[in-house]
Amino acid sequence: MEWITINRDSGEDVSSPKHGKEDPDNMPHVGGNTWAGGTGGRDTAGLGGKGGPYRLDAGHTVYQVSQAEKDAVPEEVRRAAREMGQRAFQQRLKEIQMSEYDAATYERFSGAVRRQVHSLRIILDNLQAKGKERQWLRHQATGELDDAKIIDGLTGEKAIYKRRGELEPQLGSPQQKPKRLRLVVDVSGSMYRFNGVDGRLERSMEAVCMVMEAFENYEEKFKYDIVGHSGDGYNIGLVPTNKIPTDNKQRLEILKTMHAHSQFCMSGDHTLEGTEHAIKEIVKEEADEYFVIVLSDANLSRYGIHPAKFAQILTRDPQVNAFAIFIGSLGDQATRYYTEYTEYSTENLLIRQLQRTLPAGRSFVAMDTKDIPQILQQIFTSTMLSSV
């Protein structure tokens, strides 16, 4: 199948949002407001159009109306579309929760990251304490007199005092507190929109699957939670720390919820807000060490987000090891498929600019989204193992 996006002007007004008719032959429908799964149209569920209630990918070439046309949709139509999309999303969540466990679907995600899960669990087995311990520092020139050094003081020794301070833990010291990780994943509409091109949403789901499987039974060493960011908000709860999935059915429900949210959420971007909130929130709980990892498809230029602002937020708290993973296109395929789609090529230019702006070692680019789980493993390997 050839994937391509072509900008177009519809020149038509919107009326009221609806799902649209189902075409039994799944023919491509460009423009219009009759068929579900069409592209570049209006009012119906599809891709690249305006005024519709939610996204629906039928696997066709996408004709996309301009952002100016989308912005011109009347507020009452936006509100009606939003309400219809929310109803459809809630219905999808009920279906997910009530569905029987689909072993084949889960294996598709789990099998893709099995090697990385095994490697990451080895890393977790060998975690070293990083948190500094507050204790008495002896042999000090100032502080409280150390009773054990009184005789030394009589002989002229100067370093006979002690004071409270922080010491680096010795190699092999047990953790006094668990480490903390917050994974902030992109579940915005563009993740669904481009999933048919490079599989970015499914690769992100694989990364989440890897974290959920690898961290199982390591709760005493490592506490994690997973939140999403999209046009709907910056702190969308997916996996709270007090409700970690314990079996494959629960994990599959999380993955399906990510997919559903990306399909039904509003357009927009809260990458910066999600990053800032995660860094502020994670340090509220005492921990041995803090990690925030942000997954984003870098569709930021559309919303006027400057790389320098992202870099500032990512490095705002020296206590937090914060990283960004940007999902790009599939290299040469993007050049071939997207010569007419300026937004997509702009996205890749922004990724390069972000990587130049962010501090070395804080950002990673997954030009092939299959690399996301390996990048997560690389982050954990480089930062979690003590070099002391």
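Predicted model: local features only at pLDDT ≥ 70, side-chain atom pairs only at ≥ 80, totals over all residues.
The chain has 388 residues, and 51% of them are buried. Its secondary structure consists of 14 helices and 13 strands. Among contacts with a separation of 6 or more, 74% are between residues 24 or more positions apart.

The largest contribution comes from α9, which gives five residues. Sorted by class, the lining has ten nonpolar, five polar and two charged residues.

Helix α10 covers residues 271–282 and includes Thr275. Thr275 has a relative accessible area of 0%, so it counts as buried. Apart from neighbours within four places in sequence, Thr275 is in contact with Val294, Phe310, Ile313 and Leu314.

Helix α10 also holds Glu276. The side chain of Glu276 forms a salt bridge with that of Arg316, at 2.6 Å from N to O. This pair links distant parts of the chain, as Arg316 sits in the loop between α11 (307–314) and β12 (320–327), 40 residues from Glu276 in helix α10. Arg316 is partly exposed at 40% relative accessibility, and Glu276 is partly exposed at 27%.

In general, side chains of opposite charge can pair when their charged atoms come close. The structure holds 17 salt bridges. One of them joins Lys223 and Glu285, whose closest N and O atoms are 2.7 Å apart. Lys223 belongs to strand β9 (residues 222–230) and Glu285 to the loop between α10 and β11 (290–296), so this pair ties together parts 62 residues apart in sequence. Lys223 has a relative accessible area of 26% and is partly exposed; Glu285, with 30%, is partly exposed. Lys223 and Glu285 also belong to a network of salt bridges with Arg180, Arg182 and Asp225.

Another salt bridge is formed by Arg114 and Glu107, with 3.0 Å between the closest N and O atoms. Arg114 counts as partly exposed because its relative accessibility is 44%, and Glu107 counts as partly exposed at 38%.

Note on methods: Residues numbered from 1 in each chain as written. Heavy atoms only, no water. Helix = DSSP H or I, 4+ residues; strand = E, 2+ residues; numbered from the N terminus. Buried < 20%, exposed > 50% of the residue type's maximum accessible area, 1.4 Å probe, protein only. Contact = heavy atoms within 4.5 Å. Nonpolar A, V, L, I, M, F, W, Y, C, P; charged D, E, K, R; others polar. Salt bridge = Lys/Arg side-chain N within 4 Å of Asp/Glu carboxyl O.
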